[in-house]
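Hi,

Here is the structure I promised to pass on. Have a look at it first, and then read my notes below.

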Amino acid sequence: MKIAVVGAGNGGQALAAYLALKGYSVSLYNRSKKRIAAIIKTRHIRLEGEVQGTAEIDFATTDIGEAIKGRKLVMVAVPAFAHKDVARKMAPHIEDGQVVVLNPGRTGGAIEFLRTLEEEGVKADVTVAEAQTFIFASRLTNPGVVRIFRIKNAVPVSALPATKNSVLEETLLKVMPEFETVDNVIYTSFNNIGAVFHPAVLLLNAGRIESTAGKFEFYLEGITPSVARVLEKIDAERCEVMEALGEEPMTAKEWLNYAYDVQGEDLHDAIHNNPGYQGIMAPPSIANRYILEDVPMSLVPISSFGKMLGIETPTIDAIIHIASVMMKRDFWREGRTVKSLGLEGKSVEEIRSFVNGS
């Protein structure tokens, strides 16, 4: 099976190298040449951490058409705010039978991506799916060098519509058995743990990030007991919206046990019991994907669905507002909403029918 990885950040380079080390034919695409210049020249990516070795990929390119040509599986590993742009760039080159997986979709990713392909007039038989989170905790350490801190035990994934999940079982799951198919993209989109663990932690540590350029461990030092209590409220609001959509949520504490085999009396304890978070430093600036991606593409759609369903999300709304003030942007306007996803005014039954394919 030939695989393309779209995006060469922390996750994309880790994913490309990991798949190449497993013996797959891998191409790597990145929008800008600067990040992949060394890889274009050498075709090598070195992995450190939980997985070690130097992988040789087929090629790296800034031409998305070249990257995905003849590739059965296309693993999209870009921030969620770039999903729509990637869909537009891929649209002229999509081939029948290709499987596109968003790693991850955040909230509403597969819906937005498929909707964009349809708007671009794509007629090819393509399967679009989204993962609930990224398979690795990873960070770039040097050009062409990436550290995998931990591979998650399991990552839920679903196609849109869910009637195409059998396609994932014949492609993605054969390549990476850590993935497991779940009922539908409501499950993957609203069990979005990045929405819980990223924006609030960054905002509540903004002063420390700006004064130290992020020289502290993001999860283990940034999540104190009081910060964890805010995360628990965000998590509870997320779960309430998901329940209203007819799916059983996984709490953040339950997810830590599912993904990392860690437990604790409360969320703070569970996070601090996770060795997979050791050594993951805070970002050097608040102008980071933990805000720029997770607020508009995670928190805003959760809030938007909540409003349509009559569910209050005051803590989530507060984080969106504070992030907008800090970044001098209107994330309410920029983010995914029920309207932008084409679901405004739909009943729960209509939404479930759409994602299930029934």
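In what order do the eight strands of the open sheet come? They run β5-β2-β1-β6-β7-β8-β11-β12, with mixed pairing. (Two strands pair if DSSP finds at least two bridges between them; helices, H or I with at least four residues, and strands, E with at least two, are DSSP runs numbered from the N terminus.) The edge strands, β5 (59–61) and β12 (179–181), each pair on one side only.

Before you go on: this is a predicted model, where local features need pLDDT of at least 70, side-chain atom pairs count only at pLDDT 80 or more, and totals for chains, interfaces and linings use all residues. Residues are numbered from 1 along each chain as its sequence is written, and side-chain values use heavy atoms, leaving out hydrogens and water.

Inside the sheet, β6 (residues 73–76) and β7 (residues 99–102) are parallel partners over four bridges. One to look for is Val 74, whose bridge partner in β7 is Val 100.

Next, find helix α13 (residues 252–260), where Ala 252, Trp 255, Leu 256, Ala 259 and Tyr 260 are buried. (Buried means under 20% relative accessible area, exposed over 50%, partly exposed in between, with a 1.4 Å probe and protein chains only.) Just after α13, Asp 261 has a positive phi of about 60°.

Lastly, Ser 324 sits in helix α17 (residues 314–327). Is Ser 324 buried or exposed? Ser 324 counts as buried, because its relative accessibility is 9%.

Cheers
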